[in-house]
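Here are my notes for a first look through this one. Have the sequence and the 3D view open, and take the points in order.

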Amino acid sequence: MALINTNLTRGFKGLTGICFGLAALVIGSLPAAAQDVVSGPAMAAQNATYADIATLAERSDLVIRAEIRRQTVVEPERAPGLAPGFARLYVEARTQALLSGSIAVGESLAFLVDVPLNARGKPDKYKKQVMLLFADAVPGRRGSIQLTGRNAMMAYSPELEMRVRPILSAFVARDAPPVVTRIRDALAVPGTLTGESETQIFLETLEGSPVSITVLRRPGQRPVWGVSWGEIIDSSASAPRRNTLRWYRLACALPETLPSSANLARDSVSRRLADADYSIVRQELGRCDRAVTRAL
């Protein structure tokens, strides 16, 4: 098999030797994503939240639908970092479709995956099952891929694909929101009327593009807030809908409370107002629920 360095597999025979050689190449340096909470492919697909799928999609160069053709168990002593109650499999698969990725993939794929042991202490049989794979290509080894997390192999269904495709499209859209890294500063300014105020919260992004949150209070009305994704601060901007990429960028990046160092107000009233307005934003965004992944 051209995927494997023959020097690494010298002394081994057949598929088992190939499996160990690939394990040395790929699993020898597991990505941080591989420390995620783990479950079986069916449970991962069933339990995955919007944030889970977005996290996997963002960290993966490839999203592939593939049919499992063969699996071989890697001996535990040759599977560094293997969690108790799991087996590491060397898997050969046949590509059915490339859902995302600019890298060409062939018909045949090979990769390693950790799966839970069943009640008999054995890994389930996945042959002929169709899986959705979140992966990176292994440089210089055509057809060899590396999954980007222990739940990056999910049991395929049309319903899962319908959930995944809009997320993939959102990441490559021209108006895709930037990655939010931190709160730069926040300032609350009371208005001339009692109960009137405006709070501006400025965010830093990985790309350096501006993002700001505005919280408005008017006498006798509920506070309203919105997000401006650009240079112009739009007081009529709206809050992002849940389970969209813009929601994900905020809900999964912003801290639970406003950092004291970011609050630019000097008097205690304005500082408390900024804290309260940020709490409104954080509460209405809701939790960034993840069931099968951790944050990047």
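1. A salt bridge here is a side-chain nitrogen of Lys or Arg within 4 Å of a carboxyl oxygen of Asp or Glu. Keep in mind that this is a predicted model, where local features need pLDDT of at least 70, side-chain atom pairs count only at pLDDT 80 or more, and totals for chains, interfaces and linings use all residues. Residues are numbered from 1 along each chain as its sequence is written, and side-chain values use heavy atoms, with hydrogens and water left out.

2. By that rule there are 15 salt bridges. One of them pairs Glu161 with Arg65, with the closest N and O atoms 3.2 Å apart. Glu161 sits in helix H5 (residues 158-172) and Arg65 in strand S1, so this pair ties together parts that are 96 residues apart in sequence. (Helices, H or I of at least four residues, and strands, E of at least two, are DSSP runs numbered from the N terminus.) Both Glu161 and Arg65 are buried, that is, under 20% relative accessible area; exposed is over 50%, and partly exposed is in between (1.4 Å probe, protein chains only).

3. Next, look at Arg70 and Glu92, whose side chains meet in a salt bridge at 3.8 Å, N to O. Arg70 belongs to strand S1 and Glu92 to strand S2 (residues 86-100), so the link spans 22 residues in sequence. Arg70 counts as partly exposed because its relative accessibility is 47%, while Glu92, at 17%, counts as buried.

4. A further salt bridge joins Asp277 and Arg217 (2.7 Å, N to O). Asp277 is in helix H7 and Arg217 in strand S9 (residues 211-217), so parts 60 residues apart in sequence are tied together. Asp277 has 0% relative accessibility and so counts as buried. Arg65 also comes up again: salt bridges that share partners join Arg65, Glu161 and Arg165 into one network.

5. Now for strand S4 (residues 130-137). Two strands pair if DSSP finds at least two bridges between them. S4 runs antiparallel to S1 (residues 62-74), with 6 bridges between them, and Leu132 of S4 stands opposite Arg65. S4 is also joined to strand S6 (residues 153-155), antiparallel, by 3 bridges; there, Met154 is the bridge partner of Leu132.
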